[in-house]
Amino acid sequence: MKFKGKRAWVTGASSGIGQAVARALAGEGAEIVLSARREDRLQSLAEELKNQGAQVHIEAADVSDRAAMETVAERLAALGGIDILINNAGTMPISPIINGRVDEWDQMIDVNIKGVLYAINAVYSGMAERKAGHIVNVSSIAARTTYPSAGVYAGTKHAVRAISETLRKEAIRFGVRVTDIQPGSVDTELPDSIGHEKIRGIVKSNMYGEDAAMLKADDIANAVIYALEQPEHVDVGELLIWPTRQE
Ligand code: NDP
């Protein structure tokens, strides 16, 4: 029980990586707050975790809705604050910039950048007051590189990496650790958010070939647990996790 007595808030907990991290943290004794927009999914995960003995809360919200996130922040403070934030909610409606799908650019910027900042803001002051806390931002290998069609998504993930590195430097003297997790291709529902039909087809068919195994959400949960379980004087700043066969 590595995280008994810790309260962890997982955004994007209704599927994929967030769900896997929530399960892993609950399995290690953490009290969990689950967030996403699809409340029915959060309810069924909460039931599952409660049946295994975990203490679980639900805060359904759109991370890009500033007012809603401020309300969540108040409710988290009333719970007694957050020790661990898994800042994971994200969306990936990728397409060539030259196709000009402006609504999708706005959505990625709102969810992947503003949403990440609103969640940090919701927990940071409480962590700094207690002089303890760990913020884990989920960016991507797209925080380090980019590909045709991935320009705006990669822009948002480069931003998350820059935000993580800056926050780490600002927060260290307040006892708050920051980790940026950078997964390669993980087998989740993320490609369903791609509105561009041709690109969605390419991504969903596993562009690295049928025999090139993608990462599983549990592989990323393992990386998150590794970062969180280090002793107080160790801050794993970044973890880049590739599927072995991904270029
Ligand atoms: P999923 O699509 O399975 O999960 C995305 C999660 O984000 C869902 O729980 C979704 O919940 C939530 N979410 C999306 N938009 C919003 C919103 N506006 N407000 C609140 N929650 C929202 O994908 P993954 O698990 O793969 O993605 C998790 C993170 O990992 C993302 O940040 C993604 O960019 C990153 N990542 C994923 C990779 C991959 O290959 N899968 C690779 C690298 C990084 P709901 O729809 O219920 O709101």
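Modeller: Helix α1 (residues 16-27) gives the most to the shell around the ligand, with three residues. Helices here are DSSP runs of H or I with at least four residues, strands are runs of E with at least two, and both are numbered from the N terminus. This is a predicted model: local features need pLDDT of at least 70, side-chain atom pairs count only at pLDDT 80 or more, and totals for chains, interfaces and linings use all residues. Residues are numbered from 1 along each chain as its sequence is written.

Now the whole shell. The ligand is surrounded by 27 residues, and the closest are G12, G16, R37, R38 and G90. By class, eleven shell residues are nonpolar, twelve polar and four charged. Ala, Val, Leu, Ile, Met, Phe, Trp, Tyr, Cys and Pro count as nonpolar, Asp, Glu, Lys and Arg as charged, and the others, Gly among them, as polar.

Back to α1 and its packing. α1 packs with helix α7 (residues 217-228) at an angle of about 50°, their axes 8 Å apart. Axes are lines fitted to C-alpha atoms, for helices over the stretch in contact, and angles run from 0 to 180 degrees between N-to-C directions. The two helices, α1 and α7, are therefore oblique to each other. Angles under 35 degrees count as roughly parallel, over 145 as roughly antiparallel, 65 to 115 as roughly perpendicular and the rest as oblique. The crossing of α1 and α7 is right-handed; that is, the near helix is turned clockwise from the far one by less than a right angle.

Which residues in α1 meet α7? They are G16, I17, Q19, A20, V21 and A24, and their partners in α7 are A217, D218, I220, A221, V224 and I225. Contact requires C-beta atoms, placed from the backbone, within 7 Å. This α1 and α7 contact has nine nonpolar, two polar and one charged residues.

Seven strands form an open sheet in the order β3-β2-β1-β4-β5-β6-β7, with parallel pairing. Strands pair if DSSP finds at least two bridges between them. The edge strands, β3 (56-58) and β7 (238-241), each pair on one side only. From one strand to the next, the twist averages 15°.

Technical notes:
Near = placed C-beta within 6 Å. Contact = placed C-beta atoms within 7 Å.
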